[in-house]
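Please read it with the structure open.

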Amino acid sequence: MRYGFVEEAHQIMEGLIAAAPFFDNRLPELFAGLSRSQFQFPVSYPTSCSPQAWAAASPLLFLRTMLRFEPDIRNATLSLAPRVPDWIGRLALEQVPLMGGHLSLRVEGDRSRLLSVPEGLTVVAEPRQPTF
């Protein structure tokens, strides 16, 4: 997403989220890359660990990626340029600990509304980003 591949990033996220129920919502470190035309479900890889720490953390990375949430604490800034796909809809983040305070915001598509921002934090958003 950082390099402009928004739709491709959304496709990867959607695929992993769709696969999760087949693994009891405990994402494994990997599963077989067989075609959906051949199998209507993700095929387990026999020796993969499930859950796996990095796989279990992937929904948090998805969230950060969708929001293009890039904190720079050293410079007291937060870059925010959301691109939330329609299949997710609206997101609300409440009381996210940041810089000794809490950040709360609502996001839909590429629009965001800041509800609370820690004192001293500057939020830098894309210029074309409207609020709702």
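The points below go from the whole chain to the sheet, then to a helix and some backbone details.

1. Basis. The model is predicted, so to speak of a local feature a pLDDT of at least 70 is needed, side-chain atom pairs count only at pLDDT 80 or more, and totals for chains, interfaces and linings use all residues. Residues are numbered from 1 along each chain as its sequence is written, and side-chain values use heavy atoms, with hydrogens and water left out.

2. Overall make-up. The protein chain holds 3 helices and 8 strands. The C-alpha atoms fill a box of roughly 50 × 30 × 25 Å along the principal axes.

3. Burial and surface. Of the 132 residues, 31% count as buried. Buried stands for under 20% relative accessible area, exposed for over 50%, and partly exposed for what lies in between, with a 1.4 Å probe and protein chains only. The accessible surface comes to about 8,600 Å², and 56% of that belongs to carbon and sulfur atoms. Areas were computed by the Shrake-Rupley method with a 1.4 Å probe; for residues, only the protein chains shown count as cover.

4. Contacts along the chain. Taking contacts between residues at least 6 apart in sequence, 39% join residues at least 24 apart. A contact here is a pair of heavy atoms within 4.5 Å.

5. Which strands make up the open sheet, and in what order? There are 3 of them, in the order 5-6-7, with antiparallel pairing. Strand 5 and strand 7 are at the edges with a single partner strand each, so one side of each has no neighbour in the sheet. Direction ignored, neighbouring strands are turned by 20° against each other on average. Axes are lines fitted to C-alpha atoms, for helices over the stretch in contact, and angles between N-to-C directions run from 0 to 180 degrees.

6. Strand pairing. Two strands pair if DSSP finds at least two bridges between them. Strand 5 (90–98) and strand 6 are joined over 7 bridges, and Pro-97 has His-102 in strand 6 as its bridge partner.

7. Helix 3. Which residues of helix 3 (residues 58–67) are buried? They are Ser-58, Phe-62, Met-66 and Leu-67. Their packing partners are helix 1, helix 2 (53–56), strand 4 (77–80), strand 5 and strand 6 (101–108). Arg-68, with a positive phi near 45°, follows the helix.

8. Most residues other than glycine have a negative phi. Asp-24, however, has a phi near 55°, and Asn-25 has one of about 60°. Is Asp-24 buried or exposed? Asp-24 counts as exposed because its relative accessibility is 61%; Asn-25, at 58%, is exposed too.

Conventions:
Helix = DSSP H or I, 4+ residues; strand = E, 2+ residues; numbered from the N terminus.
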